Amino acid sequence: RPAAAMAAGPAQMAQLTQLLQQTVGGQRQNMQDAEKELRQAETRPGFGLVLLQLLRDANVHPGTRQAGGIYFKNYIRRLWSVESAVGCIADADKQAIKQHLLSLMLAAPRQVQIQLAAGLEEISITDYPAEWPSLLPEIVQNLKTSQDLAVLKGTMETAHTVFLKFRNQGRSVELLKEIKYTVQLFQETHLTVFKAVCQQIVSGALPPEGLVGYFEMMKATIGAFYSLNVVDLPEFFEDHREEYFKGFLELLKFQNAAVAGSGDQPGLQEQVKAAICECFQLYTDKYQEEFSPFLLVCVKDVWELLVGLDQQEKNDQVVAKGIHFLSSAASTRWQQSPFEDHSILSSICEKVVFPNIILRNSDAEMFEDNPSEYIRRDMEGADQETRRRSSMDLVKAMGQLNEAKVTEILVNYVKALMDQARQVAPERAERFKDACIYLVIALVVRGQTQREGVTVTNQNVDINAFFTSLVAPELTGPDPIGTKPILRASCLKFITVFRNQLPREQVGAVLPAVCQHVTADSPVVHTYAAICLEKLITVRDKNGQGQAAWRYDPASMGSHLLQVVDPMLQIIASMKGIAMNEYLMRAIARIFTFLKQVGAQKGLTTLTPLAQILMAVSSNPSNPVFNHNLFEAIASIVKVCVPVQPDAVENALLPSLGQILERNIVDFLPYTFQILGLLLDAAPNARPLYQDLFARLLNVELWRAQANVPGLVRLLRAYFAKHAAFGQLLQTHMQAILERFQFVLCNRKTEGVAFDFLNAMYTHLPVELIQPHFKTLLTVLLTRLQGGKSSKYQRDFVVSCSLLMHRNATNMLPTGLNEIQSGLLGNLLANVWPPVISMSLRLDERKVCVIGLAKLMALDEVRQNAQVLQSCCQGLVHLLGLLPSATASVEEPDDDEVPADGGGVLEYEVSFSKLRNTDLPGAASGLAPDVPDMHVAAKAILRPVLGGVVAQLAHSNEHLQPLARFLQ
């Protein structure tokens, strides 16, 4: 039983039970009231422990326990990362939760266990292992001592979940330490469990229900193996690899109906075999020398596995993973490679590639009946691996080392398929031609990026000839666009994939046909037409100076692009085909972003239907990617139209945005704040709405939702910029504004946004508004800095201080630092500034760092401290790029690509995603738009006061000579 720290009174338990019952009671008002009460209670000490005690109590109704589990998970997600601020979980509660969570989770019913496991994973991401040293010993102890299969399985699943963090972190000293600690404590137990579970499975002695439990445990055990081997090969796993691979190969051959899937659902047997193929691929990619003794037998067994599997969808995952392993092996040089033989390559093409690249009946049914899933699986970079995409990857992989052989084999296949297509029934011919297009894509593509598309091609295949002979005739021919939808979709995909390689003239010839396909009844066809247009207008070519320029210009494309806007809006508004079609909405956003002024008039009339769609989906905003693209479309039009016609834009949008705020539609709030910020920036006269809204924006509940924070900061920035209109309002609420800043700063997940908030204040607010609160503000920043914060925090701190020096003429920063502690400025310049100055900085960050540092160096207290001054001079040499052998590191601006997922998270908390179009034209010059040339600006500040001093320092320090020459 948990310790006494978990004890809660009957009244507390009864109240919590009642509130949780209300959250799932179905009555909207009661649900909202209960949620509000719980939110108020969750920041009180002991709340999490009472919640855990309720989850442990078997007498509580199962539905209430499940609601409590969901609430616990979201409570952890919201508050665990919040540090030392109002609304965080007390340290004592955190320790008690970590002490009891695993044991409670293992004893809980399955539905509650899933939620607690998600909460445990969230905690482990930030706290394991340094701040949760008891977790791994508890896991190991359970695995060593428990006789209960459910406990053993739950414990291994927990280990697998905790170790997942190792898979997606960049290699670092800290990460290697964490893995080393984990491996040393866990390695022997892991091998013991793996061998024991493997032995139980292959013995054939287990009853069906026992076999299911052991397979679930094996799945987690293999997952942990992958995570512990993903960064480096630990010595223990290298020494015992024979035992692991022996077990893997036995499991690949194992068959039992009790753990097999059925229909389109993979079973545990398929999942375990897929996970084993992933481990083979990991060793092939990273540890060739250690894997080479097992290569031939693993390739042989996976080959036999693939050839022996039928076309049922339950096998799709294991087929995809198996093909990925073969791809990895085929693209790697081995002393004894099975992929050199022409007959083996031909056999792979015949028995693995072709059967898996041609559409099955189930795929054609998905094309018609579930078009959104078909598109999702077929898209570039989709997360779900399909048979077709894996087969295409295998073709590319085999071609890396045997391009001529593989090209010859598959070009002959394509010719044979085209010949067959002329002799079979139309439906079969359509499938054959479709397969030809995908085979050609697989054969030709040798390198691509999500942003640029295909960049490297196989020169042995003439794609222009293929385009002319098959693709163009199918799109422009006399047949109605409702015929042969699968082939039309493939032809559109071909143009999308090879948008860089197809000449402008060829694309121009089929462009009207592509636009016409936006009106096709088939959801896949009209969606692929929209994607094709969206991708075409992003194509860029390098000019003679190596600069990228758009291949297509708005003037020539405008008439074609504007004619597809209304059909796409009609499809979306009517929910025809794919409800809330995110691809069509993204195409609309891209079109107006591309056309700019050419599309301004049409854009203004488009705002009204977009606002109507916004209201229509607001009752159930279930697709976060569509939501993102909808607001992106609105923002792209607003950005172009609002500077010229602010009233017309506000009239079209403010009623809808006002309703979103009034009804508190949480999915839309992060975007609404950004659009309002853009509107307020452009408004010549601020409407009363903005006065009325301001106090509500500071409501602490809005700031607790992390998704709202960047949008709120964007909107407050607009208020700050218009401080002349809102001066009294800002002065009245300045204390609350700074409290929200502190709240954002003290949450690890929003810390970066806190500096956007601070920089907006420094940039726009008059000094008299900040001055009375500045010492407190500075103390908060320094306390966080002293707490050993990350290098990113140091960077943000230095850039922000530099911005203040640049913007403020009253030396508020050095005065404030001296009030806190004498000599503090020199200490910071000596210890915090140098590592930041050597980091990779954006150009605007470098500008403010140069100006800020130059102004600090001109101060008497810095100028008279030789050691600090030398350090500052060396920093300037780097920032100004004065050394001939090196240039200062400059971060390129982020790619303007909309996130593939729109930034959405499909669970209980809305994710934030920044819209690309929420700054007015010309406002994208960052922190220092008033500094066109930082060299000129730095010289103007330094030469009058430091020219001679730097020249003297350079006599004894050759590293400073470039700066001395610069100031002459």
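The structure is a predicted model, and the chain has a mean pLDDT of 89. Of its residues, 95% reach a pLDDT of 70 or more. Two stretches call for some care when the model is viewed. Over residues 1-7, pLDDT stays under 50, and the model has 13 contacts beyond four places in sequence for this stretch. Residues 892-909 likewise stay under 50 in pLDDT, here with 38 contacts beyond four places in sequence.

Spanning residues 669-682, helix α31 has 14 residues, and the distance from its first C-alpha to its last is 20 Å, close to the 20 Å expected at 1.5 Å a residue. Helix α31 is largely enclosed by the rest of the structure, because 13 of its 14 residues are buried.

Turning to the strands, β1 (residues 445-449) pairs with β2 (residues 453-457) in the antiparallel sense, and four bridges link the two.

The last stop is R586, which lies in helix α27 (residues 582-595). Is R586 buried or exposed? Its relative accessibility is 12%, and R586 therefore counts as buried, the cut-off being under 20%. Beyond its neighbours within four places in sequence, R586 is in contact with E534 and N629.

Methods: Residues numbered from 1 in each chain as written. Predicted model: local features only at pLDDT ≥ 70, side-chain atom pairs only at ≥ 80, totals over all residues. Heavy atoms only, no water. pLDDT = per-residue confidence, 0-100. Contact = heavy atoms within 4.5 Å. Expected span 1.5 Å × (residues − 1). Buried < 20%, exposed > 50% of the residue type's maximum accessible area, 1.4 Å probe, protein only. Pairing = 2+ DSSP bridges.
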